[in-house]
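Biologist: I would like to learn how to read the main features of a model such as this one, taking the general idea before the particular case. Could we begin with the structure in view?

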Amino acid sequence: MPTQHRRPVIHLPTPLERRWQALRRLQARIDDAAERALQAQHGLSLSEYLALAALAFSDDHGHLRQQVLAEAIPLNHSSVSRLVGRLERAGLSERYLCEYDRRGVYTQITAQGRELVEVARETYLHALHAVLREAREDAELAPHADHLLSLSNEDGEVS
C-alpha cells in the first residue's frame, strides 16, 4: 500500500530510457512555463509563438510552406492549418497558394507578426532560462539543463 508521505521513484530499465524521460519532463516544464508567460503577457499560445518565430527566423524571407512549418513546430498538418487560421485572423500571418504548385499552401508573417514575435521572444527566453536554472536542482534534469545553458552562454545570451 502506497504511503502518502513518500513520492514513488520510477527507475526505467536503461540509461537511454531514463535520459529520454528526463528530456521529456524538462520539455514539459519549459512548455508549461512558456505557455503561461506568453498567454499572460502577449495573448499568444506557445504553438502560435513557435510558428511566428519559425516564420520570422526562416531564411526564406518570412514565409514557409505549411508542411515545413508543421515540421518546425512540430504539429500535425490539420493542427497547423487551424493555428495558421488563428494567426491570419489576428493579422499576424497570411496564407497564399504557390504559383507553381497550386497544392502548396504557404504562410507568410506580417509586419504585425514580426513586431509581436520580437517582443514575445524576450518573454519566451526568460521562461526558458528560468526553467533551466530551476531544473539544475533536479539530479535527473541537471545535466540536460546545464548543457542547454552552456549553449546559451556560448551564444552570448544571459542565463
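This is a predicted model: local features need pLDDT of at least 70, side-chain atom pairs count only at pLDDT 80 or more; totals for chains, interfaces and linings use all residues.

Modeller: Residues are numbered from 1 along each chain as its sequence is written, and side-chain values use heavy atoms, with hydrogens and water left out.

Biologist: How many helices and strands are there in the protein, and in what order do the elements run from the N terminus?

Modeller: Helices (H or I, at least four residues) and strands (E, at least two) are taken as DSSP runs and numbered from the N terminus. By that reading the protein has 6 helices and 3 strands, and their order from the N terminus is α-α-β-α-α-β-β-α-α. Along the principal axes, the C-alpha atoms fill a box of roughly 60 × 35 × 30 Å. Of the 159 residues, 38% are buried, where buried means under 20% relative accessible area, exposed over 50% and partly exposed in between, with a 1.4 Å probe and protein chains only.

Biologist: In what order do the strands lie in the sheet?

Modeller: Strands of a sheet pair through backbone hydrogen bonds, either parallel or antiparallel. Here two strands count as paired if DSSP finds at least two bridges between them. The 3 strands form an open sheet in the order S1-S3-S2, with antiparallel pairing. S1 and S2 are the edge strands, each pairing on one side only, and the twist from one strand to the next averages 25 degrees. H4 packs on this sheet, where it touches S2 and S3, and its direction makes about 120 degrees with that of S2. As for the bridges, S1 is joined to S3 by 3 of them, with Leu64 standing opposite Thr107 in S3. S2 and S3 pair over 5 bridges, and Ser93 has Ile109 in S3 as its bridge partner.

Biologist: How should I read the packing of H2 and H4, and at what angle do these helices pack?

Modeller: Two packed helices are described by the angle between their axes and the distance between the axes. The axes are lines fitted to C-alpha atoms, for helices over the stretch in contact, and angles run from 0 to 180 degrees between N-to-C directions. Helix H2 (residues 46-56) and helix H4 (residues 77-89) have axes 10 Å apart and pack at an angle of about 80 degrees. H2 is therefore roughly perpendicular to H4, a class that spans 65 to 115 degrees, while under 35 counts as roughly parallel, over 145 as roughly antiparallel and the rest as oblique. With contact meaning heavy atoms within 4.5 Å, Ser47, Glu48, Ala51 and Leu52 in H2 meet Leu83, Arg86 and Leu87 in H4.

Biologist: Is H2 mostly covered or mostly open, and what covers its buried residues?

Modeller: H2 is mostly covered, since 9 of its 11 residues are buried, among them Leu46, Tyr49 and Leu55. The cover over these buried residues includes helix H1 (15-42), S1, H3, H4, S3 and helix H5 (111-135).

Biologist: How many aromatic pairs does the structure hold?

Modeller: Rings of Phe, Tyr and Trp (its six-membered ring) pair if their centres lie within 6.5 Å, and planes under 30 degrees apart count as stacked, over 60 as edge-to-face and the rest as tilted. The structure holds 2 aromatic pairs. One of them, Tyr96 with Tyr106, is stacked, at 5.6 Å centre to centre and 10 degrees between the planes. This pair links Tyr96 in strand S2 (residues 93-97) to Tyr106 in strand S3 (residues 105-109), 10 residues apart. Tyr96 is partly exposed at 31% relative accessible area, whereas Tyr106, at 17%, counts as buried.

Biologist: Which residues does a cis peptide bond join, and where does His61 lie?

Modeller: Most residues other than glycine have a negative phi, and most peptide bonds are trans. A cis peptide bond joins Ile73 and Pro74, with omega about -15 degrees, and Pro74 is found in the loop between helix H3 (66-72) and H4. His61 lies in the loop between H2 and strand S1 (63-65), and although not a glycine, His61 has a positive phi of about 60 degrees. With a relative accessible area of 65%, His61 is exposed.
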